Amino acid sequence: MFNGPAEKLNSTVISQPAIFVTSLAALEALKISNHDAVMQCHAAAGLSLGEYTALVFSGALSFRDGLRVVKRRGEAMQAAADATPSAMLSVLGLEQAKVEELCAAARGNETLEIANMLCPGNIVISGTKPACEAAERLAEPMGGRTMRLAVAGAFHTPLMKPADEALTSVLSEVTVQTPRVPVWSNVDAQPHADPAEIKQLLIRQVLQPVLWEQSMRNLLAAGFDKFYEIGPGRVLAGLLKRVQRKIECTNISA
């Protein structure tokens with residue numbers, strides 16, 4: 001994981017289990033360095049794949065079952081991506097209404113949808129390659145700019161349809177427990193603790209947009225004032241600062 005090659009690591013079959021395991025290693029580091037922070041935690045959330053880390057942390061999934069589901073999720077999403085050449089773009093500098101307008105203008109007869117609502121001025125879109133290429137051309141005249149993401153395909157869109165069926169199958173073989181703290185879902189930006197509901201939300205998550213900005217706003221509105229970002233990178237802390245500049249967020253890497 002630390003030596004590459006990058007092109008192999010960027011394959012979602014490899015990257016999903018790698019990020020999952022690295023994030024949980026970082027969690028163990030936090031347990032050692034600041035055990036009280038872990039014990040006093042009252043909620044968990046994770047962006048897309050990170051939701052599985054949150055579920056393991058909360059006790060809803062065992063590490064073994066979590067890794068099994070993540071491995072199968074990565075394989076299924078890679079297969080769906082291989083079936084239809086597709087991509088994801090960060091659209092910077094445009095609000096949601098303008099991004100929706102961009103998607104409508106670039107879509108044509110292809111697929112192009114909002115995939116991640118990350119923070120103000122940063123929305124990810126997913127779709128077929130022709131539609132994404134059209135969006136890249138059209139974004140600047142509308143006042144925005146785009147950045148292509150190093151991912152296998154158009155996650156969180158209907159192009160992932162075969163993956164939700166594979167996920168349904170593997171989730172039927174594992175046990176989801178009632179979490180000790182609520183886990184906030186990407187699908188509706190709300191906390192959940194019912195095991196059957198959690199399974200259904202995980203299946204829906206691969207096809208629907210990630211409501212990350214709304215999840216953070218809802219946590220802040222519920223009174224949460226201290227956050228820990230667990231795992232590689234500092235992306236989530238940066239997104240949170242765009243929502244609430246003065247909020248405290250500590251990064252924990254493995």
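Lysine 71 is partly exposed, with a relative accessibility of 45%, where partly exposed lies between buried (under 20% relative accessible area) and exposed (over 50%), with a 1.4 Å probe and protein chains only. This is a predicted model, in which local features need pLDDT of at least 70 and side-chain atom pairs count only at pLDDT 80 or more, while totals for chains, interfaces and linings use all residues. Residues are numbered from 1 along each chain as its sequence is written, and side-chain values use heavy atoms, with hydrogens and water left out.

Lysine 71 forms a salt bridge with glutamate 75, a term that here requires a side-chain nitrogen of Lys or Arg within 4 Å of a carboxyl oxygen of Asp or Glu. The closest N and O atoms of this pair are 2.6 Å apart, and glutamate 75 is itself partly exposed, with a relative accessible area of 28%. Because lysine 71 and glutamate 75 are four residues apart in helix H5 (residues 63-83), about one helical turn separates them; helices are DSSP runs of H or I with at least four residues, strands are runs of E with at least two, and both are numbered from the N terminus.

## Other salt bridges

Ten salt bridges are found in a search of the whole structure. One of them joins lysine 98 to glutamate 101, with 3.7 Å between the closest N and O atoms; the two residues lie three apart in helix H6 (residues 96-107), and are therefore separated by about one helical turn. Lysine 98 is partly exposed at a relative accessible area of 36%, and glutamate 101 is partly exposed at 41%.

Another salt bridge is formed by lysine 226 and glutamate 248, whose closest N and O atoms are 2.5 Å apart. This pair links distant parts of the chain, since lysine 226 belongs to strand S8 (residues 226-230) and glutamate 248 to strand S9 (residues 248-252), 22 residues apart. Lysine 226 is partly exposed, with a relative accessible area of 34%, and glutamate 248 also counts as partly exposed, at 43% relative accessibility. Elsewhere, salt bridges that share partners join Lys71, Arg72 and Glu75 into one network.

## Packing of helices H4 and H9

The axes of helix H4 (residues 50-58) and helix H9 (residues 195-205) come within 11 Å and cross at roughly 165°; the axes are lines fitted to C-alpha atoms over the stretch in contact, and angles run from 0 to 180 degrees between N-to-C directions. H4 and H9 are therefore roughly antiparallel to each other, the word used for angles over 145 degrees.

The contact, meaning heavy atoms within 4.5 Å, is made by Glu51, Tyr52 and Leu55 of H4 together with Ile198, Leu202 and Gln205 of H9. By class, these residues divide into four nonpolar, one polar and one charged, with Ala, Val, Leu, Ile, Met, Phe, Trp, Tyr, Cys and Pro counted as nonpolar, Asp, Glu, Lys and Arg as charged, and the others, Gly among them, as polar.

## Backbone exceptions

Most residues other than glycine have a negative phi, and most peptide bonds are trans. Glycine 4 and proline 5, however, are joined by a cis peptide bond with omega of about 10°, and proline 5 is found in the segment before helix H1 (6-9).

Histidine 156, although not a glycine, has a positive phi of about 60°; it lies in the loop between strand S5 (145-148) and helix H8 (161-171) and is buried, with a relative accessible area of 2%. Alanine 189 likewise is not a glycine and has a positive phi of about 60°. Alanine 189 is found in the loop between strand S6 (183-184) and strand S7 (191-192), and is buried at a relative accessible area of 0%.

Note on methods. Angles under 35 degrees count as roughly parallel, over 145 as roughly antiparallel, 65 to 115 as roughly perpendicular and the rest as oblique.
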